[in-house]
Amino acid sequence: MLRVISLFLVVFASITHAQEIIGRSAYRTPGTSYLGYKTTAAVFSIDGLDAPDRITPMQAAKSGKLTVLPKATEWENEVVMNDRFNQFRDLRFMTVPTRPDFMRRSSWMYPDDGCFARAALAVRNLVQMAVSAPKKVFAFGDLRVKSANAMGGEVTWWYHVAPLVEIAGQKYVLDPAINPAGPLKLEDWLAKMNEDPSSIEVSVCESGAYTPGDDCAKSTDGIESGAQSDQVWYLEQEWQRLKDLNRNPEEELGEHPPWLH
């Protein structure tokens with residue numbers, strides 16, 4: 001009886017977590033407008049925060065000139081930035097219950113969803129390397145990105161989030177899910193997601209802002225335990241995705257990721 005109850009609790013917890021993941025999801029059904037997702041997220045307040053003076057990434061987002069955006073975290077130079085990018089991109093730091101002996105990176109090869117967890121863990125891992133925490137850039141729009149890691153070759157989102165830094169006045173986005181080869185200038189990152197980048201609403205928030213309904217001013221706690229829990233869900237999806245694409249997940253998620261070839 002105890003084993004049955006334990007199994008029930010595990011299944012119930014898994015279902016509950018799946019429902020929470022859906023509440024944070026960046027996925028957009030192809031052909032639908034991002035505005036409907038934005039309205040729903042605003043009504044239900046994704047993270048359940050009701051403070052009247054709170055500004056969310058959605059509320060802070062504006063389309064048009066990128067020059068009016070707040071400054072991002074200043075890093076020293078491009079050489080340092082590229083080195084740090086490679087470090088957090090390649091870091092294998094967690095496991096999933098189904099493969100406890102196989103260390104995993106963040107789910108860079110499952111672009112469909114989970115950007116919020118990837119961005120948070122990238123910030124956390126950089127902080128643990130004694131690096132100044134990047135800020136977060138949120139993009140809202142009818143986003144569509146081509147990817148060799150997607151079924152059908154592309155993914156559609158209503159929002160996307162990634163770490164953001166600045167060097168000599170130029171903002172760079174650290175997003176291996178879109179470009180594992182290296183950081184992208186902010187304007188180039190936006191152009192990857194829409195043919196008309198000026199139509200995308202953009203906000204720059206502090207390092208701990210997690211989802212569109214979160215507090216834009218929240219700094220990371222350096223732990224991001226919720227993000228790690230969410231990331232486990234997407235790591236399972238990533239493994240299955242590579243199998244569905246007739247690729248070898250043990251190779252690509254292990255010592256031989258495609259960006260090293």
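**View 1. Lining of the largest pocket.** Strand β4 (residues 135–146) gives the largest share of the lining of the largest pocket, four residues. The model is predicted. The pocket holds about 290 Å³ of space. Its lining consists of R28, D142, R144, V145, K146, E154, I178, A191, K192, M193, N194 and E195. By class, these lining residues are seven charged, four nonpolar and one polar.

**View 2. The largest cavity.** Two cavities of 30 Å³ or more are counted, and the largest has a volume of about 40 Å³. W108, C115, R118, A119, A122, H160, V161, A162, P163, L174 and D175 line the largest cavity. At least two residues of this lining come from each of α5 and β5 (154–167). The lining comprises eight nonpolar, two charged and one polar residue.

**View 3. The second largest cavity.** The second largest cavity contains about 30 Å³ of space. Around it lie the lining residues R104, R105, S106, W108, M109, E238, L253 and W259. Four of the lining residues are nonpolar, three charged and one polar.

**View 4. Packing of α5 against α7.** Helix α5 (residues 115–128) packs with helix α7 (residues 225–244) at an angle of about 130°, and their axes are 9 Å apart. The angle therefore makes α5 oblique to α7. The crossing of the two helices is left-handed. On α5 the contact is made by F116, A117, R118, A120, L121 and R124, and on α7 by A227, Q228, D230, Q231 and Y234. The contact has six nonpolar, three charged and two polar residues.

Definitions and conventions. Residues numbered from 1 in each chain as written. Predicted model: local features only at pLDDT ≥ 70, side-chain atom pairs only at ≥ 80, totals over all residues. Heavy atoms only, no water. Axes fitted to C-alpha atoms, helices over the stretch in contact; angles between N-to-C directions. Parallel < 35°, antiparallel > 145°, perpendicular 65-115°, else oblique. Left-handed = near helix turned anticlockwise from the far one by under 90°. Contact = heavy atoms within 4.5 Å. Nonpolar A, V, L, I, M, F, W, Y, C, P; charged D, E, K, R; others polar. 1 Å grid on protein atoms, 1.4 Å probe; cavity = no way out; pocket = protein on both sides within 12 Å on 5 of 7 lines; lining within 4 Å. Points joined across faces, edges and corners; volume = space filled by probe spheres on them.
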